[in-house]
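Here are my comments on the model you sent. Please read them with the structure open beside you.

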Amino acid sequence: MGLELQAVVEEFTDVLDEKELKKVSQDLSDLLTKEAKTVVNEIQKANCDIFGVGRKLIAYHHNVWSNKNWSEDYRKVKFHTKVDVKIVSTGILQ
């Protein structure tokens, strides 16, 4: 799963150069990816298929679905969670 976010940094008093903007973007991407992984793990523990993986499996791969015990196997699904943050503005007038 991938998510691309655009962000505006408003509470920063210094003008950021391109290298610093990339570092802040990467730091935010890493932090939000870690948090997203935690959320996905908790959702799986609750056996909540919020992303509709089961519906797609039963609709498009019924032969695979019929060989699964979805209430048990859903918790074993491996999600590849990644959040990419791109800073589009710093909110500082230059």
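The numbered points below go through the predicted model element by element.

1. **Helix α1, its span.** Helix α1 covers residues 18-45, which is 28 residues. From its first C-alpha to its last, α1 reaches 41 Å. That is close to the 40 Å expected at 1.5 Å a residue.

2. **Helix α1, its buried side.** Which residues of α1 are buried? They are Leu21, Ser25, Ser29, Thr33, Val40, Ile43 and Gln44. The list includes Ser25, Ser29, Thr33 and Gln44 as well as Leu21, Val40 and Ile43. The element that these buried residues pack against is β2.

3. **Isoleucine 87, a look from the strand.** Strand β2 spans residues 82-89, and isoleucine 87 belongs to it. Isoleucine 87 counts as buried because its relative accessibility is 12%, and the cut-off for buried is under 20%. What does isoleucine 87 touch, leaving aside neighbours within four places in sequence? Its contacts are Ala7, Val9, Leu21, Val24 and Ser25. Two of these, Leu21 and Ser25, are on the list of buried α1 residues. Serine 71 makes a contrast: it is 16 residues from isoleucine 87 in sequence, yet the two C-alpha atoms are 40 Å apart.

4. **Leucine 5, on strand β1.** Strand β1 runs over residues 2-8 and holds leucine 5. Leucine 5 is partly exposed, at 32% relative accessible area. Beyond neighbours within four places in sequence, leucine 5 is in contact with Leu32, Val83, Asp84, Val85 and Lys86. Serine 89 lies 84 residues from leucine 5 along the chain, but their C-alpha atoms are separated by 13 Å.

5. **A nonpolar patch.** Leucine 5 also belongs to a surface patch.

6. **Salt bridges, the helix pair.** The structure holds 4 salt bridges. One of them joins lysine 23 to aspartate 27, with the closest N and O atoms 2.9 Å apart. Why are these two about one helical turn apart? Lysine 23 and aspartate 27 are 4 residues apart in helix α1, so about one turn separates them. Lysine 23 is exposed, with 53% relative accessible area. Aspartate 27 is partly exposed, at 40%.

7. **Salt bridges, two further pairs.** Lysine 82 and aspartate 84 form another bridge, with the closest N and O atoms 3.2 Å apart. Both ends are partly exposed: aspartate 84 has a relative accessible area of 34%, and lysine 82 has 42%. Aspartate 73 bridges to lysine 76, where the closest N and O atoms are 3.8 Å apart. Please note that 3.8 Å still falls within the 4 Å limit for a salt bridge. Lysine 76 counts as exposed, at 58% relative accessibility.

8. Buried or exposed? Tryptophan 70 is buried, with 17% relative accessible area. Tyrosine 74 is buried too, at 1%. One cluster takes in Trp70, Tyr74 and Phe79 along with Phe51 and Trp65.

9. **A backbone angle to check.** Asparagine 47 has a positive phi of about 60°, although it is not a glycine. Where does asparagine 47 sit? Its place is the loop between α1 and α2, and α2 covers 53-60. Asparagine 47 is partly exposed, with a relative accessible area of 29%.

Key. Residues numbered from 1 in each chain as written. Predicted model: local features only at pLDDT ≥ 70, side-chain atom pairs only at ≥ 80, totals over all residues. Heavy atoms only, no water. Buried < 20%, exposed > 50% of the residue type's maximum accessible area, 1.4 Å probe, protein only. Phe/Tyr/Trp six-rings, centres within 6.5 Å; stacked < 30°, edge-to-face > 60°. Contact = heavy atoms within 4.5 Å. Patch = residues over 30% accessible without salt bridge, like charges linked within 9 Å, V, L, I, M, F, W, Y side chains within 5 Å. Areas by Shrake-Rupley, 256 points an atom, 1.4 Å probe, with all protein chains shown as cover. Salt bridge = Lys/Arg side-chain N within 4 Å of Asp/Glu carboxyl O. Expected span 1.5 Å × (residues − 1).
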